[in-house]
Amino acid sequence: MNYLNVENISKSYGELQLFSDISFSIHKDQKIAFVAKNGSGKTSILNILSGKDSPDSGQVVVRKGLRLAFLDQEPNLDPKLSIEETIFASDLPILKVIETYEKALQNPEDTEAYQLAFEAMDRHNAWEFETQFQQILSQLKLNDLKAKIASLSGGQKKRLALAQALIIKPDILILDEPTNHLDLEMIEWLEDYFAKTQQTLFMVTHDRYFLERVCNEIIELDHGKMYTYKGNYSYYLEKKEERIANEQTEVGKAKQLFKKELDWMRRQPKARTTKSKSRIDDFFEIKKKAHQRRKDHVVQLEISMERLGSKIVEFHNVSKAFKDKVILNGFDYTFKKGERIGIIGKNGTGKSTFLNMLTGAIVPDGGKIVVGETVKFGYYTQGGIKAKPNQKVIDVVRDYGDYIPLAKGRQISAQQLLERFLFDRKKQYDFVEKLSGGEQKRLYLCTVLIQNPNVLILDEPTNDLDIVTLNVLESFLLDFPGCLLVVSHDRYFMDKIVDHLFVFQGEGVVDDFPGNYTDYRAYESSQPKQEAKVEKIENTETVKKNQANKLSYNEQKEYKNLESKIRSLELDKKEFEKKFLNPNLSQDEITKLSEELQIIIDTIEEKEIRWFELAEKFEG
């Protein structure tokens, strides 16, 4: 069933034409991803579909009576309302019935109002809808319905906007970067939800795993033309490669034919027959095809990394808390050259705080952080570029100098550097605030890298970057010789570039996991699920009193921390044991490996002894 038709739409801003004569359609149960480079007008197309904007020409025809919902990148919510008030602000009639019933429950003494509300719930078959509504709020962890929007974090606001969209069950759900600001657990829930439901989707997202597992069709805007691929992300990559290869073959054939026809044009007599006139007309079509060129410019990343000494950053028994919220508790770690660390954990567990402590922006409550003399941080924050009012793109880079040093003693002008980051000479004189979200992030990445850091910290670097730029960034990071730390919800990105993970579990617990994100999920899935504590507790008050007499607060934290450290050490031990299987090892290498393995074994024994001491005290 056809839901929506986009017919020959165009959009320009001044002299900048984003797209022209674009057409496509959306049908029931399709899950479509819209793919294009940054600055091509993806968000503008979503705004036109949702009715927030209108095209300069053409039209969008929506089936009569169809309900659309739009999840914006940055939700526009009324800060004065509560979560509950925001949900019930929808114009969906059944939500008004549920709202009236909820209010009646809060005033049980008004029996008449309660009876009317109860009957309305029956009459509109609202009971099942209310159950689903409560389940969505619970899954999205929106439990405090009285909380004001003004008090919510960016992630909570995104989850609330998502709840609003899902609860009204729209015929078409339009999504602009739905995974931004969500933690990994929430992204996986959303991915699973969309994969199982018959929801019609049209989305822009850079999350390649999300594309792979949710979408069944991809529409690409490439060099002003629309291409449709009936499959997921892997299918799209395969077929796009075939399409480009075919186009190049066709251009090659046209070039050969053009040479032949050009020779004929030069030789042909002045008297033109009808036949030769037709051939002349064809010649100009052949010429146009033969001179077609793909402008597949990609970002060129290059830096002259400052020398990095043997001492990088050391955490010695570091602790940090905000009131009752513990971020780190006795954290020890020595960073090594060439390390690639991914940082994951639920929103609010302290990932960004950890990075700010690492760079000196936040001071620890206890312990010390030692930074090596040669360390030069490059910190790409979630906040993005901080441009001055009316600052032009070229001026942002010139703040760092008219000429930027590159590797091997070379240098490059500010203009040439910006061209490498896909800002042509005209674009370089645009105001920064006029750039698209992706273009601003690309400029910000440029300013971080031109400072030639040797310890690179990236906090959600994939937000708003197009897939082509992400591929270039990944290749650059794989060759980056310094120390790399990445916070990202982009699982594909993490899997490709990190060697091990800091897993922020909350309450000051940080696990060091030896592997990438997919390895970690496989490990988590293989662990036996703990039985719910509620089922084991017969007398809550008695248990609380007994526990208070056994382990102190710090001992409880140490107890939990030891469990994770022992698991991590056991994995290290297995990895070391595998190295002995190499038949080409020399005697010196075997001796060295044996010594290192023994250190791990001794550390495990030491941690286990302490764990048993605490466990005995806990259970005694």
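Modeller: Here it is, and please keep in mind that this is a predicted model.

Colleague: What joins the side chains of E191 and R491, and at what N to O distance?

Modeller: E191 lies in helix α7 and R491 in helix α16 (residues 491-497), so the pair ties together parts that are 300 residues apart in sequence. Salt bridges that share partners also bring D207 and R213 into one network with E191 and R491. As for the pair itself, the side chains meet in a salt bridge, with an N to O distance of 2.7 Å.

Colleague: Is K427, which forms a salt bridge with E439, buried or exposed?

Modeller: The closest N and O atoms of K427 and E439 are 3.2 Å apart, and the pair links the loop between α13 (414-420) and α14 (437-449), where K427 sits, with helix α14, where E439 sits. E439 has a relative accessibility of 8% and counts as buried. The relative accessible area of K427 is 17%, and because the cut-off for burial is under 20%, K427 is likewise classed as buried.

Colleague: Which side chain of opposite charge is nearest to K158?

Modeller: K158 is found in helix α6, a helix that is mostly covered, with 10 of its 14 residues buried. Leaving aside neighbours within four places in sequence, K158 has contacts that include L71, D72, D176 and E177. Although K158 is buried, it has no salt bridge, and at 6.7 Å the nearest side chain of opposite charge is that of E74.

Colleague: How are α3 and α5 oriented to each other?

Modeller: The contact between them is made by residues including I94, L95 and Y101 of α3 and W127, F129 and F133 of α5. Their axes come within 10 Å and cross at roughly 85°. Angles of 65 to 115 degrees fall in one class, and therefore α3 and α5 count as roughly perpendicular.

Colleague: What separation do the C-alpha atoms of V318 and K368 have?

Modeller: V318 has its place in strand β10 (residues 313-322), and its relative accessibility of 0% makes it count as buried. Not counting residues up to four places away in sequence, V318 touches K368 as well as residues such as G367 and I369. V318 and K368 are 50 residues apart along the chain, and their C-alpha atoms are separated by 5.9 Å.

Conventions. Residues numbered from 1 in each chain as written. Predicted model: local features only at pLDDT ≥ 70, side-chain atom pairs only at ≥ 80, totals over all residues. Heavy atoms only, no water. Buried < 20%, exposed > 50% of the residue type's maximum accessible area, 1.4 Å probe, protein only. Helix = DSSP H or I, 4+ residues; strand = E, 2+ residues; numbered from the N terminus. Lys, Arg positive; Asp, Glu negative; His and termini not counted. Salt bridge = Lys/Arg side-chain N within 4 Å of Asp/Glu carboxyl O. Contact = heavy atoms within 4.5 Å. Axes fitted to C-alpha atoms, helices over the stretch in contact; angles between N-to-C directions. Parallel < 35°, antiparallel > 145°, perpendicular 65-115°, else oblique.
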